[in-house]
Amino acid sequence: MSVSAKNKSKAEQVKLEGNKLYGKKDFQAAYDRFSEAIELDPENAIFYANRSAASFSMKEYLDAGVDAEKAVELDPKYTKAWLRVATIAETFSMWESAEKACKSGLKCLPPEESDMSVNDKTMKNQMEIILANALRRKNGKEDLLPERSQFATLKADSSDLKEMPWLRAMARENELIAQARGMDFSSGFAIVGAYREFREGMQNIMNIKLTEVNGETKVFGTIGALRDLTNGLLRDPRIFHAESNWVEKYNQQIMFEGQYYNGWDNGGIEHVRKEALKRLKIKGWDSVRPALSFTVRGWIMTGFLKCSSGTFPSGMQLYQNAVELLEWGRQHWKDVSTDDRGVIFEKTFIRGVKRLYLSAMMRCIALNEGDGKYTIQDLMDQSRELINDVDKNPCDPYAEMDAATLASFWMYPKSEAHSLLGWGYVELGLAADKGEDRKFNFEQAYDHYVKATNCIPKDDEHCATYLKTALEVLWRNRASAAITLRLCKEIRASISRMKPIWEKAPGWQSRNRDLQQALDFERDVSKGILEGKIMLNDVCVPSDGTWNI
């Protein structure tokens, strides 16, 4: 396409305006100016590279990657753009892409270092660091499920498998149904519902086959695995478990489904939104609906795996992309039926994604990751929004709804939001300078942890852990033995209720060690009261394995 001299000149002027805005750190305005420049001259690699820089500065890494790729497509010798491609690939642990980008970028530099500018030397150093990291990671065969994952990795014949909460709950399903008729609602419904969907997806993944046919590699599999996996995770993230060799087959399944659904495996919100609207005009909902579902679910799944391995910033970016695209689509297509636009734009689906997003945000803040992008106040504000969403949109009493869905998309999101508010108030209390502020924040924290417990079935392991955290808040607030012992009694009852299903849940050893502290406290303080050494109005707090009065 030929660009007129007038448009070229105008585009350069707009780019300069964008550069000034970028220098002032007004990244969104800079992004808009660079977009205007691209409209005027879509063949200029620098414009795409600059817009990539603006997206990157706003932590919109996927959109930044699309523009960086376009820049090197237009100008394969654009070293700075290759560095951006490599940086983004490293952010998402895409080691082969990072290696390729670094090698391509290094070839663009002068062969002799004496001929390089200061910027050339800086870029060379950065690419060599990324390349070394990529080769080390790739040769070490790091995958999407690193050793640091907090989730269960089980062999099919593992002796631990039969102890998993979903199988324990299934074995008692008839009993749980009978209890529910008496309004004794069990956590088993949610975990079994999650298991059935997750199992279907995992079975399809493990059954995928690559076969040579007439010299070509053909893939034979069943579509829908990504849908089932993400449905299971949204119902209850604790359901994640896999055989140790699942990653290679998972990647094959994603490539298979991506080709089938024609989803967008590159780019962020802006790119997907633009392409979806364009395709909708040409091909309609039958083409766009499955492509959007695949794309969003891919973000969710990859975000989950990133966060489970401790790579919270990139995982947060993927969750955030999913939430923002879903909320935009729900509003933009508010008059379109669910049958056309798809279930991903339903409130319950979005609520499930927000639950994952907020949990990851808390971990990101606690570990001081994400370059300060996420704050405690942001977490607390969005947790309140989630609680309000549940309260303002109760489930339809006349709708056909199973107990698992009610628990997964109403009870648990609200409970988790209260627990995040509790965590936030603890952090504010610890940071407070005045005693009265500390007291207020700890009181609020205690209140929210108790509310978190009251939102979910009483036999869930979270009831015991939330109450134990509430006990720790009481210790910090120097509550009397009468108050703390009363809570210890509730914790002991919660431990008893959770055991039939959650006794051997993933991470049970560390959970039980934490809960044992409450039981030891109750035993020792109760003994001290009987012996007359402790009074009910005394303040007892843990200290080096003993209880200070």
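Lysine 70 and glutamate 73 lie three residues apart in helix H4 (residues 61-74), and are therefore separated by about one helical turn. Helices here are DSSP runs of H or I with at least four residues, strands being E runs of at least two, and both are numbered from the N terminus. The two side chains meet in a salt bridge, with 3.5 Å from N to O; the term denotes a side-chain nitrogen of Lys or Arg within 4 Å of a carboxyl oxygen of Asp or Glu. Side chains of opposite charge can pair when their charged atoms come close. Lysine 70 is partly exposed at 26% relative accessibility, whereas glutamate 73 is exposed at 54%.

The model is predicted, and local features need pLDDT of at least 70, side-chain atom pairs count only at pLDDT 80 or more, while totals for chains, interfaces and linings use all residues. Residues are numbered from 1 along each chain as its sequence is written, and side-chain values use heavy atoms, with hydrogens and water left out.

The structure holds 37 salt bridges. One of them joins arginine 172 to glutamate 175, with the closest N and O atoms 2.6 Å apart; glutamate 175 is partly exposed, at 39%. Another links lysine 533 and glutamate 531 at 3.3 Å, N to O. Of this pair, lysine 533 is exposed at 62% and glutamate 531 partly exposed at 43%. Salt bridges with shared partners also connect Asp236, Arg238, Asp460, Glu461 and Arg511 into one network.

At the start of H21, a side-chain oxygen of aspartate 460 reaches to within 2.7 Å of the backbone nitrogen of histidine 462. Buried residues of H21 include Glu461, Lys468 and Trp475. After H21 comes arginine 478, with a positive phi near 55 degrees.

The average pLDDT, the predictor's confidence in each residue from 0 to 100, is 88, and 93% of the residues score at least 70. Over residues 141-157, however, pLDDT stays under 50, and the model has 40 contacts (heavy atoms within 4.5 Å) for them beyond four places in sequence. Where pLDDT is low, the predicted coordinates should not be read in detail.

Note on methods: Buried means under 20% relative accessible area, exposed over 50%, partly exposed in between (1.4 Å probe, protein chains only). A polar contact is a pair of N or O atoms within 3.5 Å; within protein, one must be able to donate a hydrogen and the other to accept it, and residues adjacent in sequence count only if both atoms are side-chain atoms.
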